[in-house]
Structures are given as C-alpha cells and as structure tokens.
Amino acid sequence: MHSEYLFETRGLWAGYGGKPVLQGVDMQLRPGEIVAVIGRNGVGKSTLMKSLIGLLPIDRGTFEFRGQSLDKVPAHKRARLGIGYVPQGRDVFPRMTVEENLAVGESISGGASREIYDEVYSYFPILAERRHQRAGTLSGGQQQQLAIGRVLIGRPSLILLDEPSEGIQPSIVIDIAKLVVELNRKTGISVVLVEQNIDMIRAMAQRCYVMDKGRITTRLAADALEDRETIRRHLAV
Ligand SMILES: Nc1ncnc2c1ncn2[C@@H]1O[C@H](COP(=O)(O)OP(=O)(O)OP(=O)(O)O)[C@@H](O)[C@H]1O
Ligand SMILES: [Mg+2]
C-alpha cells in the first residue's frame with residue numbers, strides 16, 4: 001500500500017450466495033478526494049459500497065484503509081475507524097424522530113459531542129426545524145439530508161454515498177452536492193460517490209471510475225468530467 005492513499009482495493013471479489021458480482025475491483029482514493037463510481041444499473045456499484053463498509057464479505061483480494069487491512073474487520077468497527085455509509089434508498093427509521101435518527105449515528109460511530117449535533121443542524125437547517133418530527137413525515141430530499149447528517153454525527157474521514165440523488169427534487173440534489181463539496185473543502189473529508197445524475201457527478205466529483213460487469217473498466221480524470229456527453233456515454237456503457 002502506498003502511504004499516499006486513504007484506501008486501496010486490489011483485485012476485490014465479492015458476491016451473493018457464491019455468485020460473483022465484483023470481479024477484481026482495483027481502486028484508490030487519496031485523502032481529501034471526491035471520486036465518483038458510475039455505470040449502468042446492476043453492474044455492482046452498491047455491491048462495491050457494501051463490501052467497503054463490510055456488510056458483504058470480501059471473497060478475494062484486499063482492502064486497505066489508512067494502511068490497515070480491513071478484509072476481516074466487521075462493519076461496526078469500520079464505522080468506528082471513520083468510514084460512514086449512506087445506503088442507496090437512505091434507510092432512515094421512519095417512526096423515529098429526526099433527532100433520534102441522528103442519535104443512531106452517534107451509537108454506530110461510538111459517541112459524539114453536543115457540538116456535532118449543532119454542526120449537522122447548521123448544515124441542514126430543515127433538520128433543526130423538524131428535529132422532533134418523525135423521519136417518515138419528511139420529503140425524500142429531507143430524508144436524504146438526514147441520512148447524510150446521521151453519518152456526519154460520527155465525524156467520519158470517509159463517506160460512502162450510494163446514489164444520494166435517487167428520487168429527490170433537482171433543487172435538493174444541488175443543495176446536497178454543494179454542502180458535501182463545502183464540507184470536503186472545510187474538513188478534508190473524502191467521498192466515494194455512486195451516482196447516475198450527471199449534474200451531481202459534475203458538481204461533486206474530482207474524477208471518476210466507470211464500472212462494468214463488476215470491474216473498473218475506465219478512469220476519467222477531471223477534464224473528462226467537463227463534458228456532459230462523455231459522462232452520459234459512460235453511464236450507458
Ligand atoms: N442481496 C442480493 N442478493 C443477490 N443478488 C443481489 C443482491 N443485491 C444485488 N444483487 C445482484 O448483484 C448485481 C449487482 O447489484 P448492485 O446492487 O451492486 O448493482 P448497482 O450497480 O448498484 O445497480 P443500481 O444502479 O440499479 O443501483 C445485480 O445483478 C443484482 O441483481
Ligand atoms: Mg445500486
């Protein structure tokens with residue numbers, strides 16, 4: 001492992017019930033980078049995120065984070081090492097209040113200060129306004145903000161964001177993109193972003209991995225992301 005990387009996967013294989021999905025994923029992230037993973041539906045993007053957070057075991061290959069092998073480290077310990085995971089579909093607890101959902105983030109990450117709650121509420125003022133409201137009554141975009149706020153409570157150094165734009169209004173998509181970029185500039189937080197929304201990819205990503213059939217097939221540098229047509233072509237590989 002090169003010390004310049006926050007994490008590195010080498011030849012990662014993972015799948016479900018013996019059926020491989022990831023078939024040798026090689027990717028690296030430097031500290032402070034925002035990198036997107038794009039590709040058609042079903043190519044294995046969410047499977048990659050689940051194996052990075054440890055919800056799915058790695059069958060072959062290696063995953064190192066801050067120079068430490070995480071191959072055998074369970075998800076809850078990865079969270080405590082500073083990896084925050086925002087799953088596709090958000091998964092907030094609908095019957096719990098906004099504040100109770102944030103407290104779940106605190107318990108997953110192993111504790112938090114009062115100030116971080118205020119910080120998260122300052123990033124997402126709508127959550128402060130609705131803090132005693134049940135999460136199930138929020139709009140999709142507000143629930144997405146809550147899901148992101150919930151991982152920020154643990155002050156992660158890396159967040160894994162799986163299709164945050166899915167099913168939410170365009171105006172909130174842009175708000176979320178701006179907020180994450182601002183956080184990245186301010187705190188140096190690193191981000192792996194799975195996305196199909198071109199505006200969000202262009203607003204957030206510094207570079208991009210294109211995935212197909214469980215492998216990284218193309219790497220796009222910053223200049224390639226300036227051209228919408230290039231991104232569109234790779235989303236439809
Ligand atoms: N829990 C599961 N059990 C069995 N197969 C699964 C499971 N989850 C996903 N798969 C299969 O693994 C493959 C990759 O799915 P994955 O969810 O990683 O794709 P994706 O790239 O995230 O797609 P999308 O863009 O639709 O979110 C698909 O063939 C899918 O049907
Ligand atoms: Mg997915």
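## Ligand shell

Helix α1 (residues 45-53) supplies the largest share of the shell around ligand 1, namely 3 residues. The model is predicted. Around the ligand sit Tyr16, Val21, Asn41, Gly42, Val43, Gly44, Lys45, Ser46, Thr47 and Gln88. By class, the shell around ligand 1 holds 3 nonpolar, 6 polar and 1 charged residues.

## Asp162

Asp162 belongs to strand β7 (residues 158-162). Is Asp162 buried or exposed? Asp162 has 23 other C-beta atoms within 10 Å, and 20 or more count as buried, so Asp162 is buried.

Asp162 and Ser46 are 116 residues apart along the chain, yet their C-alpha atoms are separated by 6.7 Å. Beyond neighbours within four places in sequence, Asp162 is in contact with Ser46, Met49, Val86, Pro87, Gln88 and Val194.

## Packing of α3 and α6

Two packed helices are described by the angle between their axes and the distance between the axes. Helix α3 (residues 98-109) packs with helix α6 (residues 140-152) at an angle of about 40°, and the axes lie 7 Å apart. The angle makes α3 oblique to α6. The crossing of α3 and α6 is right-handed.

Which residues make the contact? From α3 come Val98, Asn101, Leu102, Val104 and Gly105. From α6 come Leu146, Gly149, Arg150 and Val151. The contact of α3 with α6 divides into 5 nonpolar, 3 polar and 1 charged residues.

Notes:
Residues are numbered from 1 along each chain as its sequence is written. Chains are lettered from A and ligands numbered from 1 in the order in which they are written. This is a predicted model: local features need pLDDT of at least 70, side-chain atom pairs count only at pLDDT 80 or more; totals for chains, interfaces and linings use all residues. A residue is near a molecule or strand if its C-beta atom, placed from the backbone, lies within 6 Å of it. Helices (H or I, at least four residues) and strands (E, at least two) are DSSP runs, numbered from the N terminus. Ala, Val, Leu, Ile, Met, Phe, Trp, Tyr, Cys and Pro count as nonpolar, Asp, Glu, Lys and Arg as charged, and the others, Gly among them, as polar. A residue is buried if 20 or more other C-beta atoms lie within 10 Å of its own, exposed if 12 or fewer, and partly exposed in between; C-beta atoms are placed from the backbone. Two residues are in contact if their C-beta atoms, placed from the backbone, lie within 7 Å. Axes are lines fitted to C-alpha atoms, for helices over the stretch in contact, and angles run from 0 to 180 degrees between N-to-C directions. Angles under 35 degrees count as roughly parallel, over 145 as roughly antiparallel, 65 to 115 as roughly perpendicular and the rest as oblique. A crossing is left-handed if the near helix is turned anticlockwise from the far one by less than a right angle, and right-handed if clockwise.
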